[in-house]
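I opened this notebook to keep track of what I looked up, entry by entry. Each entry takes up one place or one kind of contact.

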Amino acid sequence: MTATAPPAETVVGESAESAPSRGGRAWLARHPLAAYALRRFGLYLVELWGALTIAFFFFRMIPGDPIQTLIQTLQQNYVYNQQASEEIIERYRHEFGLDGNIFSQYLKYMENLILHGDLGPSLLNYPTPAQDVIMHSLPWTIGLLGVAAVMSWILGLVIGAIAGWRRGKLGSTITTNLSIALAHVPFFFVALILVYVFAYTLGMLPARSAYDSAISPGISADFIGSVLKHALLPGFSIMLIGTFGWILSTRMLMVPVLGEDYLVYAEAKGLKPWRILTRYALRNCYLPQVTAFGISLGFIFNGNVLVEQLFNYPGLGTTLVTAIQQLDFNTIIGVTDIAIFSVLTAVLLLDLLLPLLDPRVKYWK
Amino acid sequence: MRLLTATVKTVRQSHRLAAGLVILTLMVLLAVLSPVLVDAIGKGTDPIELAAYEKWLVPSADHLLGTDQYGRDVLAMVISALSVSLQIGAIAGVISTVVGVVVAFVAGYKGGWVDGVLSTFTGILLVIPTFPLLIALSAYAKNVSLFQVGVMISIFSWPFAAKTIRSQVLSLRSRPYVDLARVSKARDLEIIATELLPNLLPFIGVGFASSALGAIFGLVGLEVIGLGPGGVIDLGQIIFNAINTGALTLGAWPMFVVPIVLLTLLFAALNMINIGLEEVYNPRLRGVAGE
């Protein structure tokens, strides 16, 4: 992979500190793993820069004037009742990083983001910085999604492995065909059906928000119980569809392995089937699934917006939709940036760690 | 003709592929015939017109699926909505497959720095979460048409197609018969059209099916937040009308159940085609992947 964008050059320059600059080329030739890691890290920075840049320009090109929106909101709330003067508008533009042409805005935005980790003030909750608004909703999303994603991955891996192992048996056939039918159904279909059955028909579980508003947030058994109860339906709807997807892909990886000679050998040695499954067969297909899991984290985020919307769950997705409705640029771009950053970083870490976990993986020459 | 017999042979190799194709064909047929069917349901009048009938009629012989909050016939709505959903899938599927194929061939066949630049760019687009962008686009592009939504969705779905196809181009490029064609002084374009493209058709098919799935899902998702294109009723909109008007408590359950069943069936059919094609063309899965 050749480095093409200008930041890549500077990146290589910076990271060259870790490698001796004199004879660095020779040193890298002798340490292919380090060379691979450096190249991979350079690519990571290029991708990160590219994605953040595309996201920035994309959202800035949406027509609409956020400052007018803010001033209208302030006027509606009687914060001040006379017409906003040019001066005030200019100050707000400066404050939100909306003055000057789009390229100077971009440079300033990147400077604040990289040097200070600052996303600028949030329009919705002015003067709270956007990163604080995001940090407020992030724990809900991570708590709900993280748990659901990990659980569906483990469940899918186990069930998928068994379905592949016992292929041809009735249970396995049913599981496989059910997975084929349901693996690509949108999360919120399940969410809708679950809400209809458990919240409206049976009245057993709450359908909206993250906790009972009658209970004050804090570390108490009541509050934690309420949070868990409220997370049950949205979490389960994400988990169910995710599990079907993982069952399908695990089975697809598992089945070709089953014909391999070393499994026949293990069987001939008289090992118990369960041991062959876990020690021999599963080991060979769980590493690709680790990579797939890292990549999937970002795509779960896409569907999650809808699930959070449906359940009125105070996570990142709900924050994002509200922010888009109000043209709160700093928050919108911030949420997108977090998604981009987490996917790319997850994939980078996996790429760097996999050669250590699996001796067969070799990216370098 | 040779292509036709080859297709028939492929389909006969996999029950899943056959089943998926049958379901999909039936749905497309239903969609194509939708104007005729809607006419027949209305018996001369337009059954989807506001206040065509009484509001909230429960399913009966006259209205098999009842009527909605405006007195529209639900069966007629579902049929025409199915055709809208399939259209968006087709529009976005075609655009993103074409772009994906072009990018994949240029990258995979040229290699070198061209491949480096294109693959990095594809990778960058892949990690940008699509749904926020889509919400933003349709929220501020007022009065978007169905076609525009299709284009917007395909902007973000071609990288998937490009990625799958590129890896196949890479593996095919170094096959002996391609070398042979190159030695016999065939031009690049000729090699691509006659040697590579026919062998990649199943993967292009897989790319098309997943892009179409993504587009239908994307449109339904936009409807959830109330940001779909103006003036068209797709299956997603019927579902969310049902929720927002409390149709479930009024006994109008078909408004909720029928679109979900249809969409699930559509997803299942496209998924079966995907998996069927992979089974047929991936020799490692052949045989063992069957029951």
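Entry on a helix end. I began with L357(A), which I found in helix α14 (residues 329-357) of chain A, where helices are DSSP runs of H or I with at least four residues, strands are runs of E with at least two, and both are numbered from the N terminus. L357(A) is exposed, at a relative accessible area of 54%; buried means under 20% relative accessible area, exposed over 50%, and partly exposed in between, with a 1.4 Å probe and protein chains only. I also looked up the separation of L357(A) from I54(A), 303 residues apart along the chain, and their C-alpha atoms are separated by 34 Å.

Entry on conventions. I note that this is a predicted model, in which local features need pLDDT of at least 70 and side-chain atom pairs count only at pLDDT 80 or more, while totals for chains, interfaces and linings use all residues. Residues are numbered from 1 along each chain as its sequence is written, chains are lettered from A and ligands numbered from 1 in the order in which they are written, and side-chain values use heavy atoms, with hydrogens and water left out.

Entry on the two chains. For chain A I noted 14 helices and zero strands, and of its 365 residues 47% count as buried. Chain B has eleven helices and zero strands, and of its 291 residues 52% count as buried. The C-alpha atoms of chain B fill a box of roughly 75 × 45 × 35 Å along the principal axes.

Entry on aromatic rings. F56(A) is buried at 1% relative accessibility, and Y106(A) is buried with a relative accessible area of 10%. Ring pairs link F56(A), F57(A), F103(A), Y106(A) and Y109(A) into a cluster.

Entry on a bent helix. Helix α7 (residues 146-173) of chain B has 28 residues and spans 38 Å from its first C-alpha to its last, close to the 40 Å expected, which is 1.5 Å times one less than the number of residues. I located a bend of about 45 degrees at F156(B), with a proline, P159(B), following within four residues; the bend is the angle between axes fitted to the seven residues ending at a residue and the seven starting there.

Entry on a loop residue. N312(A) lies in the loop between α12 (273-311) and α13 (316-325) of chain A, and its phi is near 55 degrees, a positive value in a residue other than glycine. Most residues other than glycine have a negative phi. At 36% relative accessibility, N312(A) counts as partly exposed.

Methods
Phe/Tyr/Trp six-rings, centres within 6.5 Å; stacked < 30°, edge-to-face > 60°.
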